[in-house]
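This report is meant for a reader who is meeting the structure for the first time. It takes up charged pairs, then nonpolar cores, and then a contact between helices.

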Amino acid sequence: RVLGHLPTAATSGGHVIGCWYWELSHFPIGLASSFDFVHEIWAPSRFCEAAFRPLSPVPVRWVPPCVPALQAGPRKSQFGIDPNRFTFLVCFDVRSIPERKNPLGAVTAFRRLLAEEPSRPTSLLIKVTGAEARPDWIAALREAARGLPVEVRTDSLSREDTDCLIASADALVSLHRSEGLGLLPLEALYLGKPVIATEYGGLTDFFDQDTGFPVDYNLVRLEKDLGPYPTGAVWAEPDLDHATAQMRLVLQQPLEATRRAAVGRRRVDALYSVDAAARRYAQEFDRLAPTLGLVRTPVERASFHGAEASSER
């Protein structure tokens, strides 16, 4: 479908690279014909790489994407966030399959946290995108949060405002059942926010005990089709008691939470920044140059492999 929308000159006689994101540990056999349209695959995470390899007749390479650092600052008053309360943030898009994003799990873990009488006032902010696609699901989410200091927001935000919302929260919670990359935890770490997340999926490239507060899980099978995810597929079921314990740890040990977030920021910068991606892409293009009949002059090569790659490059 994508290739059908591209100009013929972009694909005919060229080297087509598929940059695919997928959220399950296996790639569906029903989609195996998709490999016929590309010469190689660039997997954004080790998780995706492992999912593609068993079925792929073309080379699969781990080539993480470029994710520029967010530059946003907090605007607590704009979002009605009480500066005297510790605010956990959950963000998800209904069109990305809410069962996979699992905000209901976050509400349950938060309810258990409140039952333990946390050391400071605490709230949970849930930002929903695309709520109109599943009004019944949003109603169930609001019902699950009834009686708790939980706000469910469904208003539209610009990209800038979304970044500022992440910057305004005190910690991010992602009790997902799977992620192909883990973009939101990645962006939260760029902003120095502690992250509590299921330790499963593509985010394990940068997320672990050193960079955040990983949540244990068990693997479970899907009992019905959910969007593109078929019955019988496997994903993670986060341990909600452990999620509660990790949220409590963030509250009780703010210095440790800040330290891990700082380590996480350095790690995502080293892996996904513009400079890191420029160097990575330079290596890949050099590898492909003979195949494509490309030859760079020494000056071009030195420029492309400069120690400090610019955003313009």
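## Salt bridges

The structure holds 23 salt bridges, a salt bridge being a side-chain nitrogen of Lys or Arg within 4 Å of a carboxyl oxygen of Asp or Glu. The model is a predicted one, in which local features need pLDDT of at least 70 and side-chain atom pairs count only at pLDDT 80 or more, while totals for chains, interfaces and linings use all residues. Residues are numbered from 1 along each chain as its sequence is written, and side-chain values use heavy atoms, with hydrogens and water left out.

One of these bridges joins the side chains of Arg134 and Glu99, at 3.7 Å from N to O. The pair links distant parts of the chain, since Arg134 lies in the loop between S5 and H6 and Glu99 in helix H4 (residues 98-101), 35 residues apart; helices (H or I, at least four residues) and strands (E, at least two) are DSSP runs, numbered from the N terminus. Arg134 is partly exposed, with a relative accessible area of 27%, where buried means under 20% relative accessible area, exposed over 50%, and partly exposed in between (1.4 Å probe, protein chains only). Lys101 forms a salt bridge with Glu179, with the closest N and O atoms 2.7 Å apart. This pair, too, links distant parts of the chain, with Lys101 in helix H4 and Glu179 in the loop between S7 and helix H8 (183-190), 78 residues apart. Glu179 is buried, its relative accessible area being 8%.

Glu40, Arg61, Glu284 and Arg287 are linked in a network of salt bridges. Glu284 is buried, with a relative accessible area of 7%, whereas Arg287 is partly exposed at 30%.

## Nonpolar cores

In soluble globular proteins, nonpolar side chains tend to be buried together. The largest nonpolar core here has 33 residues, and those with the most contacts inside it are Phe88, Ile126, Val128 and Ile196; such a core is a set of buried Ala, Val, Leu, Ile, Met, Phe, Trp, Tyr and Cys residues joined through side-chain atoms within 4.5 Å. Among the elements that give two or more residues to this core are strand S4 (86-93), helix H5 (103-115), strand S5 (122-129) and H9. Apart from it lies another core, of 28 residues, among them Phe79, Cys91, Cys164 and Ala197.

Leaving aside residues up to four places away in sequence, Val128 touches Phe92, Val94, Ile138, Leu141, Val152, Arg153, Thr154 and Asp155, contact meaning heavy atoms within 4.5 Å.

## Helices H9 and H10

The axes of helix H9 (residues 240-252) and helix H10 (residues 254-272) come within 5 Å and cross at roughly 105°; axes are lines fitted to C-alpha atoms, for helices over the stretch in contact, and angles run from 0 to 180 degrees between N-to-C directions. H9 and H10 are therefore roughly perpendicular to each other, a term for angles of 65 to 115 degrees. In this contact, Leu249, Val250, Leu251 and Gln252 of H9 meet Pro254, Ala257 and Arg260 of H10.

Conventions: Angles under 35 degrees count as roughly parallel, over 145 as roughly antiparallel, 65 to 115 as roughly perpendicular and the rest as oblique.
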